[in-house]
Amino acid sequence: MKSIKLFWKVITKKIYLLIFFVILSFLTSRIVAIGTNLISRSIDAVLVSENIDIKLLIFQILLLVMISMVLAFIKRVSIESYSIFVQNSYRKKIIYKLGLLQYDYINKNKGKIVTRLISDINDLGKFLSESIPDIIYYFIMLVTFSVYIMIMNYRLMICILICYPVVLIIGGRISKRLNKLAKERKGKYDELTAAAFDSIEGIEIERSYNLYCILVDKINQIAKAILTNEYKRNSYQAIANGCQNLIKWLPNVVCSFVALNEVMMERLSVGEFIGFIVLFTKLSYYMSEFPISINDGRELFVSIKRIDKILNAPVEKTGNYYLNEEFNGQDVIKLENVTYWYNDNPDKVILDNINITFNKGTVNAIVGKSGAGKSTLFKLLCGFERPNSGVYELMKMDFNNWKIDKAREIFSVVPQNSFIFKESVYNNLSYGNEEVMVENIVAACKAVGIYDRIMELPDKFDTLIGENGVEFSGGEKQRIAIARALIKNAPIILLDEPTSALDLNTESIINETLQNIAKKHEKTIIIIAHRLSTIRNVDRIIVLDDGKIVEEGKHNELINKNGVYAGLYNKECIQKKKGENYEN
């Protein structure tokens, strides 16, 4: 019901265009009927030897044709304008909604979102510019011509009413089956898009592990299911076409014999008979096309329901609180008894009773072996996920009470996979911060060691990155992402293993830069550490193991404890001596 309400809310905003189309369609049907009536009366007049003004008749017919052409043009413009407006409204709603959707929903439905944003929006356009206009137009023509035939001879109308309902009922049942197959086909196309995304995003793993055949087989299985669906759909469509032919020929034969009998019984004139044949031919055409239009409309309406699933998808929680002045406290972030589990499964706890406080002006590192909960903690701090229990306070206020966009203004985030937009270097660095000074951008680039590389580019900061532009290495992308975070100049900087693609020397320089920024500008810096050797001088190291904080302190303190951290550090040192590339 929500999807239907939303659909009606959107389409009623410029409903006057649709109403205008209906009025013009009615006028068009009247013109056809009037023209047919003129010819019918003229034929009867000639048969009884009455004089007719042939020039006037030709003028009247030509005038009706010209008016009909003008109405058809205006009709098409009005319905196309209406369709474009509704498509644009839906597209804006989806794009706006994407910014509000829960992180988990987006992460699980990338393929569906892309398909619905492109394919389903196009189907919505067809629904509004083709199916709806055709259904309305055919219905108006059917009613108008039926009224004229009823006035001409009610027996002919009774004959029509007897012939058509059976075939229409059969067509309605076929329509429902086609609608079900359309839903199945759309779902398979979602799976196909998702599989294609996986194949493109995981191209390196795919090729290095020779997974090409496996992925191709997966895509082929989906394509096979789509093909099976199409075979079924074509079978039902063939039956529908058969019904269409039945609608055309069976009533034509029956009604023509009845009309001929009415002429013989002198209840219908020859002119009226010819007029009936003209109107009935058109009525038969519209009657045969009407069920097909309804079938097409039902199939396309599936896309509207799919679009509305995104528009009704869960959004991120947000409150109304925000800071309108600088925060003067020391406890910038505080987690109290925070516990988190995935997929509403309390038996699968990822973070267990976490208690941490991050102070202003400090550099903090979070370490632990793979699966310890580091990245999940990062998502919680960013607000991508929310604790199942416990309290997360940001600047002395429960994070749930924060207005989410205002809370994110406080963070500069460098994710594990550094994303670079396919735009200029300058735009990548200044996104969301249009008032930034050029000297600040230059300073940030120098601090992370990317400035010299940029100066070597053909157009310096105006050089396009990515498709048809300069390709950066993984390490260079990471430096740009870190520079972007520094340029934002937020009070808190979150970095999720941001230097994994950098050499040890560059990583040490960047970590030293972060240390200086934290002290000089009182920033709170939290690093998900990848290489332990480069975080030896941070203010505090927090060690996670199996979702719990098992140790915290400075590097030397933790080494002296000879616990989990010391074990991880010693393992890294041994692997370095062996020349191995250590990864947690």
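Q: What should I know about the model, and how many helices and strands are in the chain?
A: This is a predicted model, where local features need pLDDT of at least 70, side-chain atom pairs count only at pLDDT 80 or more, and totals for chains, interfaces and linings use all residues. Residues are numbered from 1 along each chain as its sequence is written, and side-chain values use heavy atoms, with hydrogens and water left out. The chain has 18 helices and ten strands; helices (H or I, at least four residues) and strands (E, at least two) are DSSP runs, numbered from the N terminus. Of its 584 residues, 44% count as buried, where buried means under 20% relative accessible area, exposed over 50%, and partly exposed in between (1.4 Å probe, protein chains only). Among contacts between residues at least 6 apart in sequence, 77% join residues at least 24 apart; contact means heavy atoms within 4.5 Å.

Q: How do I read two packed helices, and at what angle do helix 2 and helix 5 cross?
A: Two packed helices are described by the angle between their axes and the distance between the axes. Here, helix 2 (residues 15-47) and helix 5 (residues 110-152) have axes that come within 9 Å and cross at roughly 35°. Axes are lines fitted to C-alpha atoms, for helices over the stretch in contact, and angles run from 0 to 180 degrees between N-to-C directions. Helix 2 passes helix 5 in a right-handed crossing; a crossing is left-handed if the near helix is turned anticlockwise from the far one by less than a right angle, and right-handed if clockwise. Residues of helix 2 in this contact include Leu 18, Phe 21 and Val 22, and those of helix 5 include Ile 132, Pro 133 and Ile 136. By class, the contact of helix 2 with helix 5 has 15 nonpolar, four polar and one charged residues. Ala, Val, Leu, Ile, Met, Phe, Trp, Tyr, Cys and Pro count as nonpolar, Asp, Glu, Lys and Arg as charged, and the others, Gly among them, as polar.

Q: Is the crossing of helix 3 and helix 9 left-handed or right-handed?
A: The crossing of helix 3 and helix 9 is left-handed. Helix 3 (residues 54-98) packs on helix 9 at an angle of about 35°, with the axes 9 Å apart. Tyr 90, Lys 93, Ile 94 and Lys 97 of helix 3 meet Ile 304, Ile 307, Asp 308, Ile 310 and Leu 311 of helix 9. This contact of helix 3 with helix 9 holds six nonpolar, no polar and three charged residues.

Q: Which residues of helix 13 are buried?
A: An α-helix has 3.6 residues a turn, so residues three or four places apart point the same way. In helix 13 (residues 438-447), the buried residues are Ile 441, Val 442, Ala 444 and Cys 445. They cover an arc of only 165° around the axis, which puts them on the same side of helix 13; the arc is that of the directions from the helix axis to the C-beta atoms. Their cover includes helix 12 (425-430), helix 14 (451-455) and helix 15 (474-488). Just after helix 13, Gly 449 takes a positive phi of about 75°.

Q: In what order do the six strands of the open sheet stand?
A: Strands of a sheet pair through backbone hydrogen bonds, either parallel or antiparallel. The order here is 6-7-8-3-9-10, with mixed pairing; two strands pair if DSSP finds at least two bridges between them. Strand 6 (411-414) and strand 10 (548-553) stand at the edges, each with a single partner strand, so one side of each is left without a neighbour in the sheet. Strand 9 (residues 540-545) and strand 10 run antiparallel, joined by five bridges. They form a hairpin with two residues between them, and Asp 546 in the turn has a positive phi of about 55°.

Q: Where is Thr 376 placed?
A: Thr 376 is in helix 10. Thr 376 is buried, with a relative accessible area of 7%. Leaving aside neighbours within four places in sequence, Thr 376 is in contact with Tyr 340, Tyr 342, Ile 350 and Leu 351.
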